[in-house]
Amino acid sequence: MKHLPLISILLLFLMSNGPTNAQTYQPSAENLENREWFQDAKFGMFIHWGIYSVLGVHEWVMETQSIDKKTYEKVASFFNPTEFNAEEWVLLAKATGMKYITVTTKHHDGFALFDSQLTDWDIMDRTVYQQDVIGALAKACKKHGIKLFFYYSQLDWHHNDYFPRGQTGKAAGRPDTGNWDSYIDFMNGQLTELLTNYGDVTGIWFDGWWDKKDADWQLRKTYDLIHKIQPQALIGGNHHQAPKEGEDFQMFEKDLPGENKGGFSAEAKIGQLPLETAETMAHRWGFSLQDKTYKSSKELIHYLVKAAGHNSNFLLNVGPMPNGKIQQEFIDTLNVVGQWTSKYGESIFGTRGGPIAPQSWGVSTQRDNTVFVHILDWRSDAFLIPELDKQIKYIREFETKMDLSFDVTKYGLLVALPENWENRTDYILEIGIE
């Protein structure tokens with residue numbers, strides 16, 4: 001991959017770094033078109049991968065085990081993912097029904113998985129592997145029609161200028177001095193590299209703002225820089241609050257929109273932007289040798305369906321092993337999910353949240369004049385749907401297209417379900433409306 005020389009990156013950054021415009025953010029036509037695509041996509045693969053995978057604990061190991069910066073730097077020399085194959089990752093995502101990939105370019109440990117000319121704390125300078133995995137992934141995504149998002153951590157436990165310290169990273173052994181504006185410039189410089197060296201970028205997935213809520217993050221300066229370089233790029237911040245000026249989608253960590261079961265979304269007021277919920281296949285995000293709390297294919301299919309019913313995308317995380325392989329337990333489960341999406345994906349992809357609000361029994365989705373009712377938890381052969389304020393043309397079984405009898409009652413639509421309907425992971429009704 002051909003890279004811009006350092007002087008070109010700095011010049012581009014400076015040209016894009018004029019006085020921040022205080023006007024209300026107006027997304028470009030390309031950005032609005034990308035938002036529509038994003039809402040149609042519904043399903044993505046999240047990839048948490050970095051040198052922390054070598055330790056087999058999780059992506060927060062530097063913090064949770066109080067590893068100082070100098071000691072942690074030794075881990076990079078053991079990172080040699082000789083079995084990494086970008087096409088294998090992309091084809092697995094595609095076979096699962098996923099439309100995009102969001103990959104960690106830099107996590108909280110500050111280590112860059114791309115070739116950064118602004119630091120030597122990256123895969124090219126600190127590992128024996130010395131290959132730009134982000135470049136390889138970008139190439140494979142383009143080849144196979146998968147969109148690519150870059151996760152970027154605003155929080156940095158390694159950089160000396162990330163100062164004053166936030167809630168985390170206090171055991172990293174850095175000097176008690178630093179220049180916050182210099183860190184912001186460093187971050188924006190790395191974002192400039194990511195947005196100029198890897199082709200079209202579908203979006204930037206930020207994380208870490210929550211570490212220093214009262215800091216001057218200069219978000220509009222960063223967001224305006226991104227939109228100037230790539231106007232179509234969607235920006236989201238995992239800050240667990242309402243969307244901020246300049247953002248293009250809103251994400252929820254381990255939560256469906258409007259819920260707070262994961263404990264992160266107490267302040268996350270739902271805005272007007274496209275939505276996404278992120279969850280893991282086990283418990284941890286990064287590779288964890290002892291994490292065996294694997295979610296079943298049924299659980300993940302239900303999460304995907306519920307997300308769609310909440311008018312949200314589902315971003316499902318894998319944490320590849322240090323050798324570059326995705327563990328077989330994840331692959332086996334994703335294969336089952338892929339079989340489901342290949343058969344029933346029409347009821348999810350390209351839809352929006354349906355006219356029936358999410359219920360304890362399931363959710364609804366809608367495309368044009370077709371409503372899909374997803375029954376996930378029901379105990380009777382007679383199913384009651386809240387009355388729709390539409391003329392009903394038909395109600396039928398999605399899989400077989402068999403018409404189902406129904407009655408209009410004062411309580412709603414009472415649908416007679418066929419025998420053995422409950423043997424499906426998700427029993428789907430297709431309702432034609434006028």
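## Strand β4

Strand β4 (residues 203-207) is mostly covered, with 5 of its 5 residues buried (under 20% relative accessible area, 1.4 Å probe, protein chains only). Strands here are DSSP runs of E, at least two residues, and helices are runs of H or I, at least four residues, numbered from the N terminus.

This is a predicted model: local features need pLDDT of at least 70, side-chain atom pairs count only at pLDDT 80 or more, and totals for chains, interfaces and linings use all residues. Residues are numbered from 1 along each chain as its sequence is written, and side-chain values use heavy atoms, leaving out hydrogens and water.

In a regular strand the side chains alternate between the two faces of the sheet. Gly203, Trp205 and Asp207 point one way from β4. Ile204 and Phe206 point the other way.

## Neighbours of β4

Strands pair if DSSP finds at least two bridges between them. Strand β3 (residues 147-153) pairs with β4 in the parallel sense, over 5 bridges. Serine 153 faces aspartate 207 of β4. From β3 the chain passes through helix α8 (residues 180-197) to β4, a right-handed β-α-β crossover. Right-handed means that, with the strands pointing away from the viewer, the path from the first strand over the helix to the second runs clockwise.

Strand β5 (residues 234-238) also pairs with β4 in the parallel sense, over 5 bridges. Isoleucine 204 stands opposite isoleucine 235 in β5.

Technical notes
Buried < 20%, exposed > 50% of the residue type's maximum accessible area, 1.4 Å probe, protein only.
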